[in-house]
Amino acid sequence: MLGYASIARADDPRDIFGLKPKANANVDCRDGKAFGCAQPSDPLADDDVPYALRTWLPASYVLSLPTANAAQVDVASFALGAGVDGGFGGATASENRWTIDGAPADDGQSGGADTVVPLTFLDGLYVTAGGFSARDRTSTGGVIDARLKRGTATHELDAQVWLGWTAAARHRPTIPATYSVRTGVVDPGPDASLSVVATGPIAREWWYAAGIAPSLRRTDFAFVAHTLVDADQDGVPDGFPGIVTTDLVERDARHVTTYDVPMMARAGWDRGPHHLELTIVGDAFSDTRFLFNSTLQSSGIDASSLVGDGIATWKSNWTDTHLRVQAAWHRSQRHESARDPAAANMPQLLSAYVPDPLAQDPALGGACSDGGGDPYPKLTNCPIPSGWFASGGPGALVDTTIDRPSLTADVSHREGNHVLRAGATGEDTRQVTDTRFSGGEQLRSLFPGHMDERKFLDPNTPCEATGPCTTVDTSELAYRTRYTAAYVEDTWHAAPNIQVDGGLRWELMWVGSALHFSNELAPRLGASWDPLGNGMSRVWTSMGRSFAVLPAGLGATVLRRDRYVDEVTSPFGTGRQVETGAPFAVARNLHPITQDEVTAGVELSPLHAMRLTGWAQARYLRRGLALTPDGFDNPGHDLDLEASRNTALFGAEVATAPTGKLVLRAGYLYGHTVGSWTGLASADFEFVTQNLVGALPTDAGHRTYIEAERSGRVGPVRVTVALRLSLGSGRPRSALGSSDDGTIYLVPRGSLGRGPLLTQTNARVQATWHGVDVLLDVFNVFDHRDATSLDEFYAGGSIHPIVGGAASDLVFLRTESGGVPARNPGFQVPTGYQAPLSAVLGVRSRF
């Protein structure tokens with residue numbers, strides 16, 4: 001229809017797919033990045049491990065797909081081996097290591113990505129899902145390394161402008177027998193972005209690369225306040241126990257515009273074997289959040305953040321020796337403030353009722369009043385069944401600053417058929433958190449006449465049950481982690497097409513004075529065979545060990561927490577409660593989180609024009625760390641249930657050369673992850689441990705993707721159509737209970753089947769004329785709105801797990817007294833959905 005039919009008839013089919021040998025005869029495989037290179041031909045190549053489960057995603061390729069103004073965090077999941085929510089090998093996304101040109105750039109507080117880098121700033125992404133060597137800086141997930149653009153021989157400018165629209169989101173339905181005074185929904189609004197990247201020479205041997213990519217986004221918040229109705233005056237809300245009937249009090253809306261400004265500035269010097277790169281890259285952005293069950297004045301908190309990295313890298317690449325020294329500094333700052341300036345200096349009141357009168361919202365206060373003239377005197381007009389109703393100020397405001405300097409040195413030397421490598425690295429992360437209450441205190445009230453005044457305590461002054469206590473406006477907590485590693489590695493070229501690599505990595509991981517893992521020894525071994533020769537294939541196997549990198553945010557568990565005092569006044573008298581801020585007890589003889597891995601696979605690139613990959617991976621994680629009734633520990637060392645996670649994966653992919661008129665890439669992954677440990681954030685071991693073992697939330701199931709791009713001409717206009725289709729299994733589902741012992745698994749974890757299949761189709765139509773591209777990217781073309789998460793709480797009360805039970809046994813669940821427990825009407829009701837249909841129109845030009 002766009003001239004494709006005539007093209008297909010006229011051209012050699014091999015040319016359509018880029019399969020002609022002559023088109024790819026001179027492929028440079030020295031670094032292993034070029035398409036058709038299964039492994040690097042340079043034995044001193046430090047970026048690529050011949051037995052790694054890795055994917056090189058060139059920015060030029062990813063930008064040819066419907067990705068609009070995406071960043072590296074948005075497309076890392078395109079790599080083969082990516083599982084649920086961007087995790088790898090059964091791990092959560094927070095277990096990944098994110099680096100920029102090898103320098104650590106992940107979130108020092110909780111793990112995961114921190115510095116966001118637009119794709120327009122990148123040369124590409126190196127994503128490693130497994131098969132790590134001793135030189136690799138990794139944790140228990142994957143490693144995503146963003147490679148920034150370098151200077152070019154001539155001055156070049158890439159400019160892009162994007163305008164986006166998003167359909168209204170799907171919202172959670174009203175749950176029977178539930179009520180909230182004020183509810184709200186969030187819908188995405190329009191957005192606009194710009195990207196300008198310049199590269200070129202500065203002077204002889206010097207180059208530059210610089211970019212800025214500002215964007216604006218509007219988000220719409222809608223609020224609805226209502227009261228209960230008791231028209232028949234029976235003291236029971238009308239509609240109960242179904243959807244309760246309510247009277248509308250008021251509707252409100254807030255339209256919030258936030259900004260995001262990624263920036264990059266680089267300079268480099270190249271002279272012979274020596275190379276110097278100096279980089280500053282970062283992101284300034286804002287965000288806003290609202291609390292719905294509150295007055296509007298009290299509900300909003302604005303935040304502004306600045307995240308960035310300064311990186312200096314020296315490389316010397318002689319004929320038989322490569323040396324790299326890198327110093328980097330990662331910094332993250334976040335500041336929170338009241339959205340409404342009038343509430344900035346007001347204490348927040350958290351009440352189990354709607355105050356009467358309510359000065360911040362007289363209309364709501366009058367409608368909720370149970371005083372004279374109440375139309376429903378037998379009913380509380382605006383009950384607070386759970387949680388609090390907030391009024392006054394925004395409450396706790398948190399400022400966070402994280403610094404992480406790092407230093408790395410690596411050397412590799414060729415000696416005969418051996419390449420010997422050694423290196424060391426160190427990271428020193430410091431997190432400082434300053435928390436303050438608006439108005440200097442936070443108030444809590446269970447009923448009129450009861451008041452609990454909470455203030456932060458001076459950490460250096462004791463506070464007893466009686467007598468004066470010294471309070472402060474701000475509570476400051478400081479946490480520090482240290483990560484140090486050193487390694488030795490030997491790659492033996494047993495034959496021109498056979499490599500055997502072995503190494504030992506030593507790591508130290510400290511969290512303040514509480515956790516000291518000082519002798520983590522990680523042996524790693526692998527072998528690779530190139531049966532086709534010339535870097536066109538690899539058959540590999542590997543085995544190795546890795547240890548978890550612990551974030552500084554763990555200090556809130558094992559080092560210190562906020563210290564505060566509650567002064568309580570009520571008709572029953574006065575009292576005082578002191579939170580000392582003491583950490584949870586840390587068990588003796590703790591062991592580091594340890595993961596062992598085995599991989600095997602094959603990659604073939606016949607004629608350097610097609611890539612066929614198949615691999616298998618198994619991971620065994622043990623000695624997970626978690627809170628238990630006895631404190632922070634390795635569950636299981638006392639013969640109780642061990643905190644473990646086991647994963648088996650199989651993946652396959654086929655891709656054609658990007659030189660063809662039709663470019664295809666398709667992949668499939670099957671993964672199964674079972675165990676009892678879901679990560680450091682898990683609270684599962686604090687309570688009852690029965691039924692914890694089962695399919696974990698990161699159990700991938702079946703996942704597949706297809707990427708395609710087809711080009712042709714309509715007169716003088718070059719037209720390109722690109723697609724990305726993805727299909728994945730839903731999450732394993734569980735049935736939880738809220739018991740007297742805490743949250744429990746009523747039946748074995750993950751035994752209630754899976755959520756719905758998640759499918760998405762993204763499409764691009766691009767027209768190029770006289771060097772100007774006009775692009776239309778449409779995401780979720782068919783507007784699928786399937787559920788991504790469900791409410792898993794089945795019931796509450798004095799209940800216990802059905803050990804070894806099944807979903808069919810839930811109907812027989814009983815309380816300790818033999819009664820039917822209070823069942824949650826929202827059980828298995830969706831709590832999250834796929835992002836709705838959106839479209840982005842862009843214009844791009846290169847000079």
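An open sheet of five strands runs in the order E1-E4-E5-E2-E3 with mixed pairing, where strands are DSSP runs of at least two residues, numbered from the N terminus, and two strands pair if DSSP finds at least two bridges between them. Its edge strands, each pairing on one side only, are E1 (53–58) and E3 (103–104). Within this sheet, E2 (residues 97–100) and E5 (residues 143–148) pair in the parallel sense over four bridges, and Trp98 stands opposite Ile144 in E5.

The model is predicted: local features need pLDDT of at least 70 and side-chain atom pairs count only at pLDDT 80 or more, while totals for chains, interfaces and linings use all residues. Residues are numbered from 1 along each chain as its sequence is written, and side-chain values use heavy atoms, with hydrogens and water left out.

Another open sheet, of four strands, has the order E37-E36-E41-E42 and mixed pairing; its edge strands are E37 (742–745) and E42 (822–823), each of which pairs on one side only. Strand E36 (residues 736–739) pairs with E37 in the antiparallel sense over four bridges, and Gly737 stands opposite Ile744 in E37.

A search of the whole structure finds eight aromatic pairs, a pair being rings of Phe, Tyr or Trp (its six-membered ring) with centres within 6.5 Å, counted as stacked when the planes are under 30 degrees apart, edge-to-face when over 60 and tilted for the rest. Two of the edge-to-face pairs are set out here.

| Pair | Centre distance | Plane angle |
|---|---|---|
| Phe223 and Phe290 | 5.5 Å | 80 degrees |
| Phe447 and Phe572 | 6.4 Å | 75 degrees |

Phe223 in strand E9 (residues 215–228) and Phe290 in strand E11 (residues 274–290) are 67 residues apart, so that the pair links distant parts of the chain. Phe223, at 1% relative accessibility, counts as buried, as does Phe290 at 14%; buried means under 20% relative accessible area, exposed over 50% and partly exposed in between, with a 1.4 Å probe and protein chains only. Ring pairs also link Phe221, Phe223, Phe290 and Phe292 into a cluster.

In the pair of Phe447 and Phe572, the residues are 125 apart in the chain, with Phe447 in the loop between strands E18 (442–445) and E19 (451–457) and Phe572 in the loop between strands E25 (564–570) and E26 (573–579). Phe447 is partly exposed, with a relative accessible area of 30%, whereas Phe572 is exposed, with 75%.
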